[in-house]
Amino acid sequence: MTEGLPQQINYLVDEGMSTSKGSNTIISYIHHFFLNYGLGDMRVNLHCDNCSGQNKNKYVVWYFLWRAIHLLHQQVTMNFLITGHTKFGPDWCFGLVKQKFRRTKVSSLSEIAGVVQASTISGVNIPQLVGDEAGNVFVQQYDWQSFLAPYFKPLVGILKLHHLRFNSNKPGSVFVKETVGDVEKEIQLLKNVAQLPPIQLPAPVAPPGIGLDRQWYLFNKIREFCSEEKQDVTCPESLHSMSLNIFS
């Protein structure tokens, strides 16, 4: 969520597009956001929850070091909410989406995107489809983990840190604090300061698609609950069922 606008980009992920909920996926969405929705600011201040599997892990730290090294940002600050105080702007936007969703019949990805778009009068919530039911990819995912691992070391004690800062004047360094009143400590995470990661993007990760068993389930159990015009979009006859028809 960009509070200054205010505007929240909601990434909508079909199960056939979901490679994981881990750092490769999260970093890919962050990268897409900066490319497509960024305002061109060279200094960014981020507020994040404390989810170690998605936001607070070595790969996300390495990604922002990579951005600073290649001057994609001059400075990035990450501030992690403390336990017991994890409600912030995005939760308000999610709540508005839920309210609209409860009152709307949804049978496809385009319709859930419409729910997000219509959830606020002022257009605060904006939908971003990661892909569609036909397998078209709109937000490419990359293997950031394998790409960054040869160049950086893990940040020891990351789970207890609440404030991280990355600066293009200090390539490979992260400045850390446990609390806002602490003195910053600089930690160099490059394995070799003479060997920097390239600016080229990592190898893309192909979406997994929907398996035949899942296609069969959607066709037999879910199709009847979809609107007629969306049945062949969301729950088409699976390849498995078609093969059964051929040999029956």
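1. Gln141 is buried, at 5% relative accessible area (buried means under 20%, exposed over 50%, partly exposed in between, with a 1.4 Å probe and protein chains only). Gln141 sits in strand β5, residues 141–142 (helices, H or I, of at least four residues and strands, E, of at least two are DSSP runs, numbered from the N terminus). This is a predicted model, so local features need pLDDT of at least 70 and side-chain atom pairs count only at pLDDT 80 or more, while totals for chains, interfaces and linings use all residues. Residues are numbered from 1 along each chain as its sequence is written, and side-chain values use heavy atoms, with hydrogens and water left out.

2. What does the Gln141 side chain do in there? It makes a polar contact of 2.9 Å with the side chain of Thr25, and one of its polar atoms lies 3.2 Å from the backbone oxygen of Met17. (A polar contact is a pair of N or O atoms within 3.5 Å; within protein, one must be able to donate a hydrogen and the other to accept it, and residues adjacent in sequence count only if both atoms are side-chain atoms.) Leaving aside residues up to four places away in sequence, Gln141 touches Met17, Thr19, Thr25, Ser28, Tyr29, Val130, Pro204 and Val205 (contact means heavy atoms within 4.5 Å).

3. Strand β4, residues 125–129, is mostly covered, with five of its five residues buried. Asn125, Pro127 and Leu129 point one way and Ile126 and Gln128 the other. The strand pairs with β1 in the parallel sense over five bridges (pairing needs at least two DSSP bridges between the strands).

4. On to the nonpolar packing. The largest nonpolar core has 32 residues, and Val61, Met78, Phe152, Leu155, Leu164 and Phe166 have the most contacts inside it. (Such a core is a set of buried Ala, Val, Leu, Ile, Met, Phe, Trp, Tyr and Cys residues joined through side-chain atoms within 4.5 Å.) Two or more residues each come from α1, β2 (43–48), α2 (58–69), β3 (75–80), α5 (144–148), β6 and β7. Helix α2 gives the largest share, ten residues. Another core, of eight residues, lies apart from it and includes Val97, Ile112, Ala113 and Val116.

5. Leu164 is worth a click. Not counting residues up to four places away in sequence, its contacts are Val61, Val76, Thr77, Met78, Phe80, Leu155, Val174, Phe175 and Val176.

6. How many salt bridges does a search of the whole structure find? Four (a side-chain nitrogen of Lys or Arg within 4 Å of a carboxyl oxygen of Asp or Glu). Among them is Glu15 with Arg214, at 2.8 Å from N to O. Glu15 lies in the loop between β1 (8–12) and α1 (23–37) and Arg214 in helix α6 (212–222), so this pair ties together parts 199 residues apart in sequence. Both ends are partly exposed: Glu15 at 39% and Arg214 at 35%.

7. Glu184 and Arg165 form another, their closest N and O atoms being 2.7 Å apart. Because Glu184 is in the loop between β7 (173–177) and β8 (185–188) and Arg165 in strand β6 (163–167), the pair ties together parts 19 residues apart in sequence. Glu184 is partly exposed at 34%, whereas Arg165 is buried at 18%.

8. Asp232 and Arg223 also meet in a salt bridge, at 2.9 Å from N to O. Here Asp232 is exposed at 54%, while Arg223 is buried at 18%.
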